[in-house]
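Let's take a friendly walk around a ligand and the space that holds it. Have a look at the model first.

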Amino acid sequence: MKILVDENMPYVEPLFGDLGDIIPVNGRTLTAEQVREADVLLVRSVTKVNAELLSGNNKLKFVGSATIGTDHVDLAYLAERNIPFSNAPGCNATAVGEFAFIAMLELAQRFNSPLKGKVVGIVGAGNTGTATAKCLQAYGIKVLLNDPIKAAEGDPRSFVSLETIMAQADIISLHVPITRTGEHKTKHLFDEARLKALKPNTWLVNCCRGDVIDNQALIKVKQQRDDLKLVLDVWEGEPTPLPELVPLAEFATPHIAGYSLEGKARGTFMLYQNLCQLLNITADKSLLDLLPTFNIKAVELATAPNEKALLQLARFVYDLRDDDKMFRNTFLNENGFDTMRKNHQHRREFSALALAYDGQSEVDWLSNLGFSGVGQ
Ligand SMILES: NC(=O)c1ccc[n+]([C@@H]2O[C@H](COP(=O)([O-])OP(=O)(O)OC[C@H]3O[C@@H](n4cnc5c(N)ncnc54)[C@H](O)[C@@H]3O)[C@@H](O)[C@H]2O)c1
Ligand SMILES: O=C(O)[C@H](O)[C@H](O)COP(=O)(O)O
């Protein structure tokens with residue numbers, strides 16, 4: 001069995017090695033010719049999976065995408081050809097939630113404006129939005145959720161309108177899929193009018209898809225409004241963001257909010273489970289065996305951390321400033337965006353770091369935030 005795999009998918013060999021021959025490919029430049037003889041195709045978000053790519057292959061048994069988003073996949077075409085497909089919903093939700101939370105802590109430190117006490121509006125309350133809310137609520141932050149689709153489905157959480165978020169939130173974090181049609185379409189959900197209407201000193205965080213914000217309009221508005229602070233992980237026109245926009249963001253990264261080692265491993269693992277199920281074989285590998293031990297055994301806390309100390313703890317796990325600096329220095333290089341993604345040293349999630357402290361109840365919130373070992 002020929003298994004064609006995006007070269008940026010970790011842990012393929014230990015998981016799929018027994019199932020067939022693994023052929024790593026560049027997902028961005030993958031051609032129909034390369035795919036012609038594949039039995040299994042495993043992609044990430046940069047591969048357009050459609051008739052143009054697949055029509056020359058009549059033996060494909062499975063397509064998997066180790067991502068949450070499916071906007072790069074023509075699902076109707078796969079269904080028409082009866083080619084089973086699965087993605088990996090939730091695989092990198094914790095990674096994105098922690099990324100957004102850490103970015104907010106970094107902004108708070110940079111502008112000497114504590115996160116504690118602010119109101120955060122989350123637009124899109126699915127896997128990544130909920131993971132972001134979980135971090136914020138663990139830290140005692142008031143969160144407003146906007147998700148008209150979930151609200152209509154009867155999700156029991158409280159939801160507010162986008163207008164309420166615009167009026168009340170100090171920070172807005174975007175977690176919607178990109179959709180271009182329909183009542184709830186998200187393409188340019190933040191257009192010029194909405195960007196202009198952001199209340200003074202709003203922090204806007206985008207870790208979902210670049211085109212949810214009109215990037216040209218964002219440049220225009222941001223040039224007139226220094227009070228707005230931006231965290232941008234995703235960009236219109238990836239892998240070529242508008243060069244004027246990058247310097248306008250406080251933190252700028254090349255679509256790596258979901259790049260935790262755990263998140264990427266989970267994505268590959270979910271595809272492994274789905275393929276095993278399809279082939280009717282037992283999935284006997286374990287996700288836990290894949291992950292290396294973290295390089296810090298435990299951090300002993302003498303007191304419950306204040307916000308500054310919390311950021312220090314978070315930086316043990318992920319120092320966003322490093323990725324931001326590297327991105328600014330390299331995004332204009334040829335293939336700079338993709339090269340940084342390919343060579344990215346995936347960070348760990350909070351759960352990799354064990355904390356030790358004597359008075360458990362004072363730091364319960366740290367385990368709710370995801371750190372392990374607190375009070376054990
Ligand atoms: N930067 C990254 O590395 C990264 C990582 C993971 C996911 N993503 C992107 O983030 C998106 C969200 O991921 P997820 O796992 O949370 O997906 P999800 O499907 O679990 O949640 C998306 C939520 O958005 C809601 N929604 C849709 N349209 C909306 C609208 N107009 N207004 C408000 N809510 C709306 C949906 O009802 C859903 O609950 C993905 O589709 C993907 O594009 C990016
Ligand atoms: O949709 C997703 O899951 C994310 O956007 C994903 O993490 C993007 O990473 P890629 O698949 O491009 O490596």
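How far is an oxygen atom of ligand 2 from an N or O atom in the side chain of Arg 341? The distance is 3.0 Å.

## About the model

This is a predicted model, in which local features need pLDDT of at least 70 and side-chain atom pairs count only at pLDDT 80 or more, while totals for chains, interfaces and linings use all residues. Residues are numbered from 1 along each chain as its sequence is written, ligands are numbered from 1 in the order in which they are written, and side-chain values use heavy atoms, with hydrogens and water left out.

## Around ligand 2

A polar contact here is a pair of N or O atoms within 3.5 Å. The protein covers 94% of the 350 Å² of accessible area that ligand 2 has on its own (Shrake-Rupley method, 1.4 Å probe).

Among the residues surrounding ligand 2 are Arg 44, Ser 45, Asn 92 and Arg 209, where near means a heavy atom within 4 Å.

Ligand 2 takes up the space of the largest pocket (more than half of its atoms lie within 2 Å of the grid points). A pocket is an open set of points on a 1 Å grid over the protein atoms alone, where a 1.4 Å probe fits, with protein on both sides within 12 Å along at least five of seven lines; lining residues have an atom within 4 Å of a point.

This pocket has a volume of about 1100 Å³, the space filled by probe spheres set on the points. Its lining has 49 residues, and those nearest its centre include His 175 and Cys 208.

Notes
Polar contact = N/O pair within 3.5 Å; in protein donor to acceptor, adjacent residues only side chain to side chain.
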